[in-house]
Amino acid sequence: MSEWRNWAGDQHCRPSAVKLPSTVGEVSALVAAVADGGGTIKAVGAGHSFTDIALTRGVQLRLDGISGLLNVDREAKLVTIAGGTRLYEIPALLAPYGLAMENLGDIDQQSISGAISTGTHGTGLKFGGIATQVRALLLVTGTGEVKRCSATENPEVFAVARVGLGALGIIVEVTLACVDAFMLHAVERPEPLAAVVESLAERNAAHDHFEFYWFPHTQTALTKTNTRYGPGGLPRGVKPLSLASHLVDDTLLSNTLFSALCNISATAPSVIPKINTMAAKLTGNREFGDASHKVFATQRTVRFREMEYAVPLTHIPTVLAELDTMITRRGLQISFPVEVRSAAADDIALSTASQRDTGYIAIHQHVKTSPLEYFRAAEEIFQAHAGRPHWGKWHFLQSKDFSELYPDLEKFCSVRDVLDPKRVFRNAYLDRVLL
């Protein structure tokens with residue numbers, strides 16, 4: 001059997017078999033057969049997780065054949081989508097109905113089932129992660145049973161399954177609460193880091209979507225502010241990016257040039273501070289407007305590894321200061337920017353924003369640079385601030401570490417005992433992080 005690798009290329013496995021079902025019934029039969037035989041099975045999406053959460057030595061299930069729009073209730077703004085549907089496919093499916101997803105992250109290559117299972121999110125203190133948009137799920141459990149769950153149907157399952165880590169079942173259908181299609185007015189500016197951090201609380205409260213990037217070894221933040229408008233309602237003079245601007249900003253500068261600079265810095269780390277200073281000057285200074293999904297998502301062709309932690313929102317300034325001090329003290333040369341976002345509190349058991357307004361701090365390293373020293377040192381800082389790691393991004397925590405971070409972890413594991421009694425969905429990652 002051929003080897004499977006994730007998007008970053010650093011997580012890999014050799015499944016015993018690969019199956020590509022095209023119906024829910026086929027998924028159910030496959031899981032039941034594996035359970036009867038004492039084996040394991042793991043569904044995989046686009047491979048955009050940086051951890052080993054999708055790896056298996058058992059049967060690998062690819063949901064590409066279970067994709068597309070299944071049902072629309074335009075009046076209620078509810079849409080049901082097959083679990084293998086990629087996020088980038090959804091806008092075109094919703095467009096005929098004048099609908100859109102409420103919020104998205106900056107990468108849209110993931111499958112909808114994978115995105116919600118790992119807690120994928122965007123930014124904006126008025127909005128939760130993608131899992132908060134879910135109103136119902138259709139799961140194939142560890143016995144092959146097909147179980148629907150929502151706030152009124154199997155609510156004890158729904159309470160934990162929206163961020164289920166692939167441990168509770170295979171998500172074959174997702175019902176999302178959508179909103180009327182909308183436009184975003186994007187303003188991207190370089191600003192002094194100190195001023196951005198000092199005004200962060202006010203910006204998060206005042207703007208629909210705010211985030212910023214900080215290049216280590218500089219004192220510059222690249223800010224991104226997105227304001228929501230109805231269709232055709234953008235401010236006068238605000239237009240989509242021209243083809244030329246898109247090619248220069250997003251293709252040449254953000255991907256092609258940045259990739260070349262990362263390759264240079266991998267062999268000559270001493271040039272990184274100068275490169276970061278140059279990058280902060282060349283990028284992040286533009287204003288435009290477009291359909292929401294075209295502004296939220298950006299193309300990423302530079303391969304990297306990522307760690308992201310969710311901390312209490314008010315801790316962001318302190319955490320950033322401690323990261324800066326740690327990088328300087330250790331003499332690390334960090335080429336990739338630190339990304340800072342936010343999300344509203346939610347009530348999902350293993351959501352990184354569960355029960356608290358949350359700030360997200362993501363750090364990265366180019367695939368040709370070892371991330372270990374940087375990531376381990378940063379994780380110590382994040383842990384000191386009650387940080388919760390993104391389930392699909394690098395971390396070194398184990399089950400004992402999560403008991404204090406997630407009060408409902410035991411409840412989650414109790415539901416798992418019922419839905420997957422033979423542990424057909426287990427793998428090394430789940431063995432490490434769950435009780």
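**Exercise 1.** Determine whether R5 is buried or exposed, or in between, and characterise its contact with E3.

*Solution.* Step 1: R5 has a relative accessible area of 42%, and the class follows from the cut-offs: buried is under 20% relative accessible area, exposed is over 50%, and partly exposed lies in between (1.4 Å probe, protein chains only). R5 is therefore partly exposed. Step 2: E3, at 37%, is partly exposed as well. Step 3: the two side chains, R5 and E3, meet in a salt bridge with an N to O distance of 3.2 Å; the term requires a side-chain nitrogen of Lys or Arg within 4 Å of a carboxyl oxygen of Asp or Glu.

The model is predicted: local features need pLDDT of at least 70, side-chain atom pairs count only at pLDDT 80 or more, and totals for chains, interfaces and linings use all residues. Residues are numbered from 1 along each chain as its sequence is written, and side-chain values use heavy atoms, with hydrogens and water left out.

**Exercise 2.** State which parts of the chain the salt bridge between E191 and R203 ties together.

*Solution.* Step 1: the closest N and O atoms of E191 and R203 are 2.7 Å apart. Step 2: E191 belongs to strand 13 (residues 183–192) and R203 to helix 6 (residues 200–206), so the bridge ties together parts twelve residues apart in sequence. Helices (H or I, at least four residues) and strands (E, at least two) are DSSP runs, numbered from the N terminus. Step 3: R203 has 17% relative accessibility and counts as buried.

**Exercise 3.** Describe the salt bridge of D408 and K411, then give the number of salt bridges in the whole structure.

*Solution.* Step 1: the side chains of D408 and K411 meet at 3.9 Å, N to O. Step 2: D408, at 26% relative accessibility, is partly exposed, and K411, at 46%, is likewise partly exposed. Step 4: a search of the whole structure finds 22 salt bridges.

**Exercise 4.** Work out the strand order of the open three-stranded sheet and identify its edge strands.

*Solution.* Step 1: the order is 3-5-4, with parallel pairing; two strands pair if DSSP finds at least two bridges between them. Step 2: strand 3 (17–19) and strand 4 (41–44) are the edge strands, each pairing on one side only. Step 3: three bridges connect strand 3 and strand 5 (residues 59–62) in the parallel sense, and A17 stands opposite V59 in strand 5.

**Exercise 5.** Classify the aromatic pair of W7 and F50 and locate both residues in the chain.

*Solution.* Step 1: the structure holds 13 aromatic pairs, where rings of Phe, Tyr and Trp (its six-membered ring) pair if their centres lie within 6.5 Å; planes under 30 degrees apart count as stacked, over 60 as edge-to-face and the rest as tilted. Step 2: the ring centres of W7 and F50 are 6.2 Å apart and the planes lie at 90°, so the pair is edge-to-face. Step 3: W7 lies in the loop between strand 1 (4–5) and strand 2 (12–13), and F50 in the loop between strand 4 and strand 5, so the pair ties together parts 43 residues apart in sequence. Step 4: both W7 and F50 are buried. Step 5: W7 and F50 form one aromatic cluster with F304 and F336.
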